[in-house]
Amino acid sequence: MSPRRKHFAFCVLAGLSFTSAQAPLGIWPGVLLGFALSVWLLRISETPLRAFWTGWSIGASYFATSLIWIVEPFLVDFAATAWMAPFALVLMASGLALFWAMPFWGAAKLGKPVTILALWPLAEYARSVLFSGFPWGLSAYAWVDTPVAQIAAWVGPHGLGALTLALAALPVFIGLRLGSALGLAGLLGLAGLGLMRLGDTPPQADDAPIIRLTQPNAPQHQKWDPDYAFIFFRRLTLATAAAPHPDLVVWPETSLPTWLNDADQALELIKDAAAGVPVLIGAQRYEGLRAYNSLALLDEAGRIGQIYDKHHLVPFGEFLPLKAMLSTLGMGVLTETYGGFTPGAGPALMDLGPIGKALALICYEAVFPHQMTSVDGRPRFLLHVTNDAWFGTWSGPYQHLAQAQFRAIEQGLPLLRSANTGITASIDANGQILRSLALGESGYLDATLPPRFAPTLYARFTDIPALLILIALFCVTLLPYRSPKR
């Protein structure tokens, strides 16, 4: 095998290592191997252009395999949109890989491979916020089921990703033996801090409210079919009516089988089933020619009170960028409504009376760590309603759940999650899953609302401290440095 082919093979191996660390596999050593291989490949790249293609190849192999679920929405209406699936995956992976290629190029151009320790995490932050942002699959999520994940309460996912990169890169930059020893010591230190936080959990209150999370298990290709919609609606009403009655019932995203504006009969049935218990209903609604993906509160008297409108919409799923041009290519069929949804005003709390205030998150909104704040103050808990039927049954739903767990850790808040096809879960303020309904299961679970922590460092300052440290690190890595011989 030629040197170039060997180099490319190692790039693919690095990308696959990153993928193995993400859900559903969750083999966390893969993220360390991926980072170590990547930094080594950067160091042996002779030119900035070679470094660029090294970073791009690693990124492309990672995103193409970890985001394989992205083809699933295109297969729901197979005849109309299946042809777009391979193009979507290739274009998505190729585009996101540029965010990895640029820091590799920059480090090589500066002649300072060590600057990758700052440039790569900064590029990942840019991926999370630019062009509406796509922070899916951040390296920190590899730690979700380990004590190390708790570090996100202080530094967030980008800070934890940067720490992971630094520990993995030590053997490359300061030598295998010393670097491995220091890396292992650092990892054990992070795990120890995480265990301390896990051991400092507030006790559960005796009078904590009970919240019922429903899961009708409606496959996306049947969800709006009139022959099946009543079946799913009946599952939800039966779950709502089940005794003993909770303090609140939550239905998943877009679970109402008709527009909220035209749902008088359906709402009457829900009111009868709830028997005086308030119900949060995921529904679509319209105002004039504008459509919204919403969460509506049906109060004890059966009246619609508060409404939250999803503000961070899914590109190509809920709205079509460059609509005039892309509609001519037949891509207008991707949005659920003609012309797509209209974004809501922004993050908002829903006042649930004695239960407290909840920060409503509809589906995609739970993947943005920097958008967990509201002008109305700090919530009692995070409430996530979603329809993960769009993501298939392999990796997408599990990755989405892992990101929800991280939001709980970062904010020090419990998170309750009602998912159409799963995974419905009660998650405590440490990101630990207390109870759950499996993927593809219909039913409900009654969750005792877990206690919340005091605001975490990340909840107070978001990514600002980590970004400032990364910028300072970049400046430090520009100082003269003599690395050990290769």
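**Close-up views of a predicted model**

**View 1. Leu361 has its bridge partner, His384, in strand S8.** This is a predicted model, in which local features need pLDDT of at least 70, side-chain atom pairs count only at pLDDT 80 or more, and totals for chains, interfaces and linings use all residues. Residues are numbered from 1 along each chain as its sequence is written, and side-chain values use heavy atoms, without hydrogens and water. Strand S7 (residues 357-362) pairs with strand S8 (residues 381-386) in the parallel sense, over five bridges. Strands (E, at least two residues) and helices (H or I, at least four) are DSSP runs, numbered from the N terminus. Two strands pair if DSSP finds at least two bridges between them.

**View 2. Six strands make an open, mixed sheet.** Their order is S6-S7-S8-S9-S10-S11. Strand S6 (349-351) and strand S11 (433-437) are the edges, each pairing on one side only.

**View 3. The largest cavity holds about 120 Å³ of space.** A cavity is a set of points, on a 1 Å grid over the protein atoms alone, where a 1.4 Å probe fits but cannot get out; lining residues have an atom within 4 Å of a point. Grid points are joined across faces, edges and corners, and a volume is the space filled by probe spheres set on the points. The lining has 14 residues, with Phe35, Pro121, Glu124, Ser139 and Gly161 nearest the centre. H8 gives the most, five residues.

**View 4. The second largest cavity has a volume of about 100 Å³.** Of its 14 lining residues, Ala218, Lys223, Phe232, Thr254 and Ser255 are closest to the centre. Helix H11 (residues 226-241) gives the most to this lining, with four residues.

Definitions and conventions: On a 1 Å grid over the protein atoms alone, a cavity is a set of points where a 1.4 Å probe fits but cannot get out, and a pocket is an open set with protein on both sides within 12 Å along at least five of seven lines; lining residues have an atom within 4 Å of a point.
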